[in-house]
Amino acid sequence: MKKSTLIFLSSSIIAPLFIYLSIIGLSSSFGIESTLVIRDLAQTCGYPIGVGLISNLGVLMWSASASITLFSSLSGLIENRENSNFLLTGGILTLILCFDDFFLLHDKYIGPDFLYITYSTIGIYILIKYRQTILNIDFLPFIIAVFSLSLSIIFDRYIQEIFPKNYINIQLFEEGFKFIGIACWMTFWCKASIKNLRSKTH
């Protein structure tokens, strides 16, 4: 059997099947019906399509950013090691943010303070170590993304506690800053990937 066929079978059939069966098995062990695991949440709950739409679009943008950035860094088409590491670091951070947003890790499973400190530390590390690279790509979307996402955290952790009676309005501001931040984040990393991949052809 050809090596390419083995890679295809293992990555596209065996691995997904293993994940699929593992999730169903684990869910069953916790008393969750398999139909609740395999069906869409809106379908299960009977909600209209608009429920959770902003959150879902945010997760899609996170995943698009992570996919494009990680693919670019691991494609072998970028000769400059520092640029490749820059994309890899950004891709890993984006993937973690995607999982956090999708599975609500900071809300339900891991303390938000720990995650926010971790994200801030990695973000500062990227900004300091790769500041010249960021400037060469496009500083504006990166800094707006960091600023907007930081405002979202501030509204979530502090403003909401100061004005608990205005929860809905504060939530609108929080999610608005977050949505803009994700969009700018995606814009920057797509530009970074395109710029580094194009440099290979010149």
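Analyst: The model is predicted, so local features need pLDDT of at least 70 and side-chain atom pairs count only at pLDDT 80 or more, while totals for chains, interfaces and linings use all residues. Numbering runs from 1 along each chain as its sequence is written, and side-chain values use heavy atoms, with hydrogens and water left out.

The protein has ten helices and zero strands, where helices are DSSP runs of H or I with at least four residues, strands are E runs of at least two, and both are numbered from the N terminus. Its C-alpha trace spans about 55 × 55 × 30 Å along the principal axes.

Two packed helices are described by the angle between their axes and the distance between the axes. For helix 5 (residues 81-103) and helix 7 (residues 112-129), the axes come within 11 Å and cross at roughly 160 degrees. That makes helix 5 roughly antiparallel to helix 7, a label for angles over 145 degrees. Contact, meaning heavy atoms within 4.5 Å, is made by Glu 82, Phe 86, Thr 89, Gly 90, Leu 93, Ile 96, Leu 97 and Asp 100 of helix 5 with Leu 115, Tyr 119, Ile 122, Tyr 125, Ile 126 and Lys 129 of helix 7. These residues divide into nine nonpolar, two polar and three charged; Ala, Val, Leu, Ile, Met, Phe, Trp, Tyr, Cys and Pro count as nonpolar, Asp, Glu, Lys and Arg as charged, and the others, Gly among them, as polar.

How values were computed. Axes fitted to C-alpha atoms, helices over the stretch in contact; angles between N-to-C directions. Parallel < 35°, antiparallel > 145°, perpendicular 65-115°, else oblique.
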